[in-house]
Amino acid sequence: MKIKIFCDSADLKTIKKFNNYSLVSGFTTNPSLMRIAGAKDYKNYSLKLLNVCKTKPISLEVFADTFTEMSKQANIINSWGKNIYVKIPVINSKGVFSGKVIKELSKKGLKLNITAVYTVNQVKKIIKNINKRSKTIISI
């Protein structure tokens, strides 16, 4: 079994430190962690993180709740760097499955990290909506 370890943080010092560790394969963060780390501007802070983490994968999450806005944000976030995985929540705040946006972004070739996955049924639904050749992480 091949295991990859990802550091879940938005703290710049932590990411600088663990970026130099070969044991850490990459990073994942979200808007809440960015706020805690003191981010005032999501894009500018993300670019600071990307300036530190230039080659390892880093997951940056959309913060929209509608699928149209999720898609727009995902495309913008994806444009910031080649090592980005765009985090998409498996359901929105109304409990609606994000399958449509997952399918659309996967088909476009965006690297995705589907997050807040809690059930096997959700995993099965995600698998039905991803392009089999796409790079996708499912965060359980």
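**Ground rules.** I'm working with a predicted model, where local features need pLDDT of at least 70, side-chain atom pairs count only at pLDDT 80 or more, and totals for chains, interfaces and linings use all residues. Residues are numbered from 1 along each chain as its sequence is written, and side-chain values use heavy atoms, with hydrogens and water left out.

In what order do the six strands of the open sheet come? I got 1-2-3-4-5-6, with parallel pairing. Helices (H or I, at least four residues) and strands (E, at least two) are DSSP runs, numbered from the N terminus, and two strands pair if DSSP finds at least two bridges between them. At the edges I noted strand 1 (5-8) and strand 6 (136-138), each pairing on one side only. From one strand to the next, the twist averages 25°.

**Zooming in.** I found two bridges between strand 2 and strand 3, which run parallel. I also looked up phenylalanine 27: its bridge partner in strand 3 is isoleucine 58.

**Core.** I counted 36 residues in the largest nonpolar core (buried Ala, Val, Leu, Ile, Met, Phe, Trp, Tyr and Cys residues joined through side-chain atoms within 4.5 Å; buried means under 20% relative accessible area, with a 1.4 Å probe and protein chains only). Leu60, Val86 and Ile88 have the most contacts inside it. Helix 3 gives the most to this core, five residues.

**Leucine 60.** Beyond its neighbours within four places in sequence, I listed its contacts (heavy atoms within 4.5 Å), among them Met34, Leu50, Ile77, Trp80 and Val86.

How values were computed. Buried < 20%, exposed > 50% of the residue type's maximum accessible area, 1.4 Å probe, protein only. Axes fitted to C-alpha atoms, helices over the stretch in contact; angles between N-to-C directions.
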